[in-house]
Amino acid sequence: MGSGASTEPLSDSAPVGATAGRWRFAATICVGSFLLFLVQPMVAKMALPRVGGAPSLWNSAMLVYQALLLGGYTYAHFVTRLRPVAQARVHLALFALAALTLPISLMAGDIPADVNPIFWVPWLLIASIGPLFFVVAAQAPLMQRWFTLTGGGDPYPLYAASNLGSFSGLIAYPLLVEPFMPLAQQSWLWTCGYILLFALMAWCAWMLQRGVPVVEASHAAEPLQAGQVARWIILAAIPSGLMLSTSLHLTTDIVAMPLLWVIPLGLYLLSFSVAFATGRALANAITAVAPLVLIIGGCAALAGVRGFPLTMAVAALLTLFVVAVALHTRMYDTRPAPAQLTGFYLAMSVGGVLGGVFCAIIAPLLFDWTYEHPLLLVAAALCIGRKPLFGWAERLWAGSRRYVLTAALLVIGLLVSMAGEGVILPSLKSEGLRAAAFVFLCAVAVVAIGNRLLLAGMLAYLMLCLGGWNKLALSAQDGALTRSYFGVYQVRNRGSDVRVLVHGTTLHGMQNRTPGLEAMPTSYYAPRSGVGLAMRAAPRLYGPDARIGVVGLGTGTLGCYRQPGQSWRFYEIDPVMIRLARDSGAFTFLARCQPRPDIALGDARIMLSQEKGPPLDILAVDAFSSDSVPMHLLTREAFATYAKRLNPEGLLLVHISNRYLDLEPVIAAAAKEGGWDARMRFYQPAIKDARYHYSASNWIAMSRSRATLARLTATTGEDLWQDPTGRPGFRAWTDDYGSILPIIKSLR
């Protein structure tokens, strides 16, 4: 047995009552996995108002979940060394002890000012849900082991139930739980689910204690070989990392849709259900076509076809699913006997953690673009096993000549890829040469199926030929690409007269390079936009020494509305954005208009709530133009913080321009509930102003003082403003309740 597939019979035949037992254990596993994927977004949402910064919070949360999952699998691996009855008693006792921390809530205490949140946030999450997550995470491998001990037959297909439960929990939270329940009710719902899981687990444990003969292997199991364990870890790490890299790749280079992260994670979970299913036809069919799909997915990954985002997104998601099924199928096909089941899942969990750490922590530190995505595709090509498509190709890769031929084709392929992109022989660069290189590399890649090293090399050369060389050239340019935990920023020129900053697929600012226009506000901040009108009216509304705050620095464009005597402060969560706007020289708004800007680094809501000193006259909140909307800045409690920080006649400006979300009803509901008067300015630039590079924008001006809004509209033009439109029945967001699902434009 050892490193290969099990030598212990794993047939579906089982003693009388095994079918009922299978459903009992499957239900227990499914409920536990459902609870795990329900608690993840719920706890992250609980923590958001306290720690701020959704992207960094989600990274920390994912690492905590993976670490706790690994801990649970490790515990399950070692507890199975006890006698079956002792296993049941220990596990049920731990479940009862963990229940003392119910209902789910965060531990008390705010983040200390002198503590790095990278370390404090994981501690907060572990201290809050660690015991519960740990014992629930252990139930999937432990229940499968118990199922085997009670004579149920092959336990591995039960892992399909585990991932169906995970997928159900993943989908249920944004669709059924978050839109209809505040967090307090969500916590009690989870508590009820935990009680149900405890009852189901006790029912399963009863089978170990009621005197049913325990089924053990007919012979002593050989220890797992280190090489096989390492292969399982690698086969698990690649799909885990690819799931995260696909999510980032989609939002960075294709389409920045809200909730898009749900789809890759859901497909990743479903891949286990296919790969571990009792029926092998679907898994084997998908594995057979995996190399071809991988070639197609590699082409789409760097093709840069901006006109077909849906096609590119489907290709990326299809590639993720097929590759995950193929690699997980290889794991299933080499699974050990049930006696070593927990060791198998422990190796799988280690691989999942390593894939997550690589994409969430290591890659952002090493790379300035999402290079981990093509690297993981190449790694997948090295691991996917498949016979050659053609008989003659099988003979081609047989014998010692394969090594010489492989080396020659790898060298030729590299030269062809470089020539196609103009890296060598730039004078011959043309679309025709690039197309010829593409066809050659595709043909060799198809023939290389069955030769893993050559297939991986051709896949890499294809991606380089289709845009990879260009990405590497951008990385070599100082300041062209910059990456942080909040995304990938690209600085590029549009012609000779404008420079832009793009965050993923979202424009975050642009600056005219025409002499005399460098300090003129552009894009969403045009002089006749809502924020432009308000900033120019500030001296008339609040005198020459107005105090102004801006949430969201961008390229520093708004800084050029500053007038002598005014006091400005910017609030920015990403230090990379500060460097780009203030220090890099790529944009000169701050250098020209505010050479010594006052910039507060951190989550704006937290910093505003902690600030002392004179109140602000104007606060502009500009943090909602991308897909990752910081919901905690739009809740009832957030608007209460803004009101507290503004003077009684102060003006709040909220930028709601967004390609995918209709934020107007959110602001209208918040205004109604919080006692704000509100007017909206939708600005559409005139054709004659094209050379100034203005953009359409939508700003809402709010104040607790009706007189302030009256002066603003009277000063800037009453006909330019209109009342924001609410939506009947729409509930204002709070820290305890809120969902972006009802405001996604494509679903209305």
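**Close-up 1. Leu389 sits in the loop between helix H13 (372–383) and helix H14 (391–396).** The model shown here and in the other views is predicted. Leu389 is partly exposed, with a relative accessible area of 34%. Together with Leu292, Phe390 and Trp392, Leu389 forms a nonpolar patch on the surface. The accessible area of these four residues together is about 350 Å².

**Close-up 2. Four strands form an open sheet in the order E1-E2-E3-E4.** The pairing in this sheet is antiparallel. Strand E1 (481–484) and strand E4 (506–512) are the edge strands, and each of them pairs on one side only. From one strand to the next, the twist averages 20°. In general, the strands of a sheet pair through backbone hydrogen bonds, and the pairing is either parallel or antiparallel.

**Close-up 3. Strand E2 (residues 487–494) and strand E3 (residues 498–503) are joined by six bridges.** The two strands run antiparallel. Arg492 stands opposite Val500 in E3.

**Close-up 4. A disulfide joins Cys560 to Cys593.** The S to S distance is 2.0 Å. The link is right-handed, with 85° about the S-S bond. Cys560 is buried, with a relative accessible area of 15%. A search of the whole structure finds one disulfide.

**Close-up 5. Cys30 is partly exposed, whereas Cys359 is buried.** The relative accessible area of Cys30 is 27%. For Cys359 the value is 8%.

Definitions and conventions:
Residues numbered from 1 in each chain as written. Predicted model: local features only at pLDDT ≥ 70, side-chain atom pairs only at ≥ 80, totals over all residues. Heavy atoms only, no water. Patch = residues over 30% accessible without salt bridge, like charges linked within 9 Å, V, L, I, M, F, W, Y side chains within 5 Å. Areas by Shrake-Rupley, 256 points an atom, 1.4 Å probe, with all protein chains shown as cover. Salt bridge = Lys/Arg side-chain N within 4 Å of Asp/Glu carboxyl O. Buried < 20%, exposed > 50% of the residue type's maximum accessible area, 1.4 Å probe, protein only. Pairing = 2+ DSSP bridges. Axes fitted to C-alpha atoms, helices over the stretch in contact; angles between N-to-C directions. Disulfide = S-S within 2.5 Å.
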